[in-house]
Amino acid sequence: MKTTIGQQIAFLRRQKGVTQEQVARAVGVSAPAVSKWEAGQSCPDIALLMPLARYFGVTVDRLLGY
């Protein structure tokens with residue numbers, strides 16, 4: 001089964017040892033937005049994919065679960 005972007009963000013966030021608030025601040029969104037991504041209730045805007053990937057030190061492909 002393919003990993004969703006929210007599951008990938010949650011995994012990378014835990015691996016990095018940071019909070020949803022820290023991720024949110026790093027990419028310029030609210031903590032509830034990150035929570036919704038991780039819960040699968042919404043997805044990050046396409047413009048946030050590069051900043052998120054950079055923050056976690058991964059490629060966009062990895063962020064998307066490929």
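Buried means under 20% relative accessible area, exposed means over 50%, and partly exposed lies in between (1.4 Å probe, protein chains only).

This is a predicted model, where local features need pLDDT of at least 70, side-chain atom pairs count only at pLDDT 80 or more, and totals for chains, interfaces and linings use all residues. Residues are numbered from 1 along each chain as its sequence is written, and side-chain values use heavy atoms, with hydrogens and water left out.

**Exercise 1. Helix α2 against helix α3**

Task: Describe how the axes of α2 and α3 cross, and state which residues meet.

Solution. 
- Step 1. Locate the helices. Helix α2 covers residues 20-27 and helix α3 covers residues 31-39.
- Step 2. Read the geometry. The two axes come within 8 Å and cross at roughly 110°. Axes are lines fitted to C-alpha atoms, for helices over the stretch in contact, and angles run from 0 to 180 degrees between N-to-C directions.
- Step 3. Classify the angle. Angles under 35 degrees count as roughly parallel, over 145 as roughly antiparallel, 65 to 115 as roughly perpendicular and the rest as oblique. So α2 and α3 are roughly perpendicular to each other.
- Step 4. α2 passes α3 in a right-handed crossing. A crossing is right-handed if the near helix is turned clockwise from the far one by less than a right angle, and left-handed if anticlockwise.
- Step 5. List the partners. From α2 come Q20, E21, V23, A24 and V27; from α3 come A31, V34, S35, W37 and E38.
- Step 6. Sort them by class. The contact of α2 with α3 has six nonpolar, two polar and two charged residues. Here Ala, Val, Leu, Ile, Met, Phe, Trp, Tyr, Cys and Pro count as nonpolar, Asp, Glu, Lys and Arg as charged, and the others, Gly among them, as polar.

**Exercise 2. Helix α2 against helix α4**

Task: Repeat the analysis for α2 and α4: at what angle do they pack, and which residues make the contact?

Solution. 
- Step 1. The angle is about 125°, and the axes are 10 Å apart.
- Step 2. α2 and α4 are therefore oblique to each other.
- Step 3. Their crossing is right-handed.
- Step 4. Q22, V23, A26 and V27 of α2 make the contact with P51, L52, Y55 and F56 of α4.
- Step 5. By class, the contact of α2 with α4 has seven nonpolar, one polar and no charged residues.

**Exercise 3. Buried or exposed?**

Task: Classify V27, E38, G6, S30 and G40 by relative accessible area.

Solution. 
- Step 1. V27 is found in helix α2. Its relative accessibility is 11%, so V27 counts as buried. Beyond four places in sequence, V27 touches W37, L48, P51 and L52.
- Step 2. E38 is in helix α3. At 16%, E38 is buried. Leaving out residues up to four places away, E38 touches G6, I9, A10, R13 and Q20.
- Step 3. G6 is in helix α1. At 2%, G6 is buried. Setting aside neighbours within four places, G6 is in contact with W37 and E38.
- Step 4. S30 lies in the loop between α2 and α3. At 40%, S30 is partly exposed.
- Step 5. G40 is in the loop between α3 and α4. At 60%, G40 counts as exposed.

How values were computed. Helix = DSSP H or I, 4+ residues; strand = E, 2+ residues; numbered from the N terminus. Contact = heavy atoms within 4.5 Å.
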